[in-house]
Amino acid sequence: MKQLFDSGLELAVESDFIYFPLLFDPDIEKEIQAVFHSGENIGQFNEPESKTVIKIEDNYFVKGFRLDALVKNFEAIDPHSYQTMKNECFRRYQLMREVDGMILDGNLRTILFQVMPHFIKKNKGLNRKKLSDEEMLDLIGQKINIPDSYYQEAKTFTDIEPLKEILKNIGNQPPCPELPGNGLTSGRNLQDWFRNAVHTKVLADEVDRITTSLQVRQQFSRIKPERIATLLYIADSGALELDGFGFIRKNAGRKEYHVYKHSGDYVLKDYYGRNYLFPDCRVAVSTYMPSKPFVMEKYKHPFLLEYKSGQEICLKHFNPPDELTAQRIIDALEEGLTALRYGYDHRRRNGYHSLDKLWVHIPTIDFDDYRI
Amino acid sequence: MDLLKHIKNNRAKQKQKKPIKRDVFNQISSIVRQYGLKENFLDIFDTVENHFTVKRLGVFRIRVKKPGITSIFSLVEKEEYDLTRSIIHKADNPYLVFAHSPEEILWCKSLYRLNPALSAEKLRRYHFETLFLHECAKRNRMKTNPSNAET
């Protein structure tokens, strides 16, 4: 489309259709002469709905496509250009970043305000209560260096007037700019019309999103800007690690996460009472499928089948949850960590592998390098 | 040959692949587009013919024919179409289809007047200016010594 509009061609508009200059060869010329000079065929060209070729100022133009259909289907016709124009429109209305969507991300809120307080306690000693949402955000704000730009953004975020203004403007705007009138027109004029039409469509499509954004921002208007900055930073980066607990976004589009907890170093005994020091690893649970807890790093353990990353931990009585809740994430993580640290029985040599060598001809994992 | 065989032969001939023949419109319109020729080319066409003489050209030179890039089915804008038709109308000779450049379009009329019986192979391979000079040289040789003239 860009090439067409930038070509400098003189185009024509007739009955909402765009007409292109007709290209010639001898056969086409004969056909055109026949059509325009014989009374029999003129009829079909005079009917407004079926004008295939029109003549304006001695120039012939051939029918192209409906202009409003182009606007309507532009997203499918040229996704890249549509995205560019959409971004341009968002920049114009300061809607560039989808922070509202991120903040509305249910999984993130569950992890942040329900799972995380279980693993991170502020007060040590006997007085160990769970942290509230605000305390959790304050704690994260203290422990993590949040860039200044997020504090600026938090101020903008709580200012809901621009969004109200946009919604008001969208309400006042026609659904599609008026189509160019019949007659000759330049590619530049059509390009301006087309850009406005696409922007109007983008805003109309985004009305729901802007309305939701407004509601979210109204909810957050009473919260301190520092806490909003922390939340914006986490929503934007999609990952956080604090005191051995963390999460990482694995699929930005679907807003799915791996929630993990570090096991720390621990010691296991073999059949003969010899100690083996196991290094730290991250035991994780994913939010997008009800799976067993797994180790994120390349790791070996009697409860892991191989020596590689992403292996599920062997748990005998563990049923993967059908529905994901904060409690189930907590349970799965604790089950996984407990299994690694305390699940191996040196007398029974349970699991896939034994810590001490059994001298049987079965390929197994060797743990001698962990022996202390 | 019986009727059945005749029909079979005819059908076999119809099924054979036939090469696309050079079309003078496609050839000239491609040159017009490629070189961006405008209406003033027709003025040059009218005036330049008188200048094509051996004396004016001076020494005999061999020009290399440029490889032609021709569309098989050429579609052009109205102005280009009108110009193409005018060139074809003005030149009006069978050599035009072998022209690969505007210069050769200018040469083709003089060449055709000098020798209308040149083979397609020669026209395809050699620049029209070279052919023109060659024909002139041949004619001069015939005038001076008719018995040694080349065929």
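1. Axes are lines fitted to C-alpha atoms, for helices over the stretch in contact, and angles run from 0 to 180 degrees between N-to-C directions. The model discussed here is predicted. Two packed helices are described by the angle between their axes and the distance between the axes.

2. A helix pair in chain A comes first. Helix H9 (residues 148-158) and helix H13 (residues 225-237) of chain A pack with their axes 8 Å apart, at an angle of about 110°. H9(A) is therefore roughly perpendicular to H13(A). On the H9(A) side, the contact involves Tyr150(A), Tyr151(A), Glu153(A), Ala154(A), Lys155(A), Phe157(A) and Thr158(A). H13(A) contributes Pro225(A), Ile228(A), Ala229(A), Leu232(A) and Tyr233(A).

3. Helix H2 of chain A has 12 residues, 26-37. The distance from its first C-alpha to its last is 16 Å, close to the 16 Å expected at 1.5 Å a residue. The number of buried residues in H2(A) is 0, so this helix lies largely in the open.

4. Chain B has 8 helices and 0 strands. Of its 151 residues, 25% are buried. Among contacts in chain B with a separation of 6 or more, 71% are between residues 24 or more positions apart.

5. Helix H5 of chain B covers residues 78-91. The buried residues in H5(B) are Glu80(B), Tyr81(B), Leu83(B), Thr84(B), Ile87(B) and Ala91(B). They lie on the same side of H5(B), because the arc they cover around the axis is only 165°. Their cover includes helix H2 (24-35), helix H3 (40-48) and helix H6 (102-114) of chain B.

6. One of these covering helices, H2(B), packs against H5(B) at an angle of about 120°, with the axes 9 Å apart. Why are H2(B) and H5(B) oblique to each other, rather than roughly perpendicular? Roughly perpendicular applies to angles of 65 to 115 degrees, and the angle here is about 120°, so the two helices count as oblique. The crossing of H2(B) and H5(B) is right-handed. Val24(B), Phe25(B), Ile28(B), Ser29(B), Val32(B) and Arg33(B) from H2(B) meet Glu80(B), Leu83(B), Thr84(B), Ile87(B) and Ile88(B) from H5(B).

7. Helix H6 of chain B contains Pro102(B). This residue counts as partly exposed, because it has 19 C-beta neighbours inside 10 Å and a buried residue needs 20 or more. Although Pro102(B) and Val32(B) are 70 residues apart in sequence, their C-alpha atoms are 7.9 Å apart in space. Apart from neighbours within four places in sequence, the contacts of Pro102(B) are Ile31(B), Tyr35(B), Leu37(B) and Phe41(B).

8. Two backbone angles deserve a look. Most residues other than glycine have a negative phi. Asp16(A) is not a glycine, yet its phi is positive, at about 70°. Asp16(A) sits in the loop between strand S1 (10-14) and strand S2 (17-21) of chain A. It is partly exposed, with 13 C-beta neighbours inside 10 Å.

9. Asp92(B), also not a glycine, has a positive phi of about 45°. Is Asp92(B) buried or exposed? With 11 other C-beta atoms within 10 Å, Asp92(B) is exposed.

Technical notes:
Residues are numbered from 1 along each chain as its sequence is written. Chains are lettered from A and ligands numbered from 1 in the order in which they are written. This is a predicted model: local features need pLDDT of at least 70, side-chain atom pairs count only at pLDDT 80 or more; totals for chains, interfaces and linings use all residues. Helices (H or I, at least four residues) and strands (E, at least two) are DSSP runs, numbered from the N terminus. A residue is buried if 20 or more other C-beta atoms lie within 10 Å of its own, exposed if 12 or fewer, and partly exposed in between; C-beta atoms are placed from the backbone. Two residues are in contact if their C-beta atoms, placed from the backbone, lie within 7 Å. The expected span of a helix is 1.5 Å times one less than its number of residues. The arc is that of the directions from the helix axis to the C-beta atoms. Angles under 35 degrees count as roughly parallel, over 145 as roughly antiparallel, 65 to 115 as roughly perpendicular and the rest as oblique. A crossing is left-handed if the near helix is turned anticlockwise from the far one by less than a right angle, and right-handed if clockwise.
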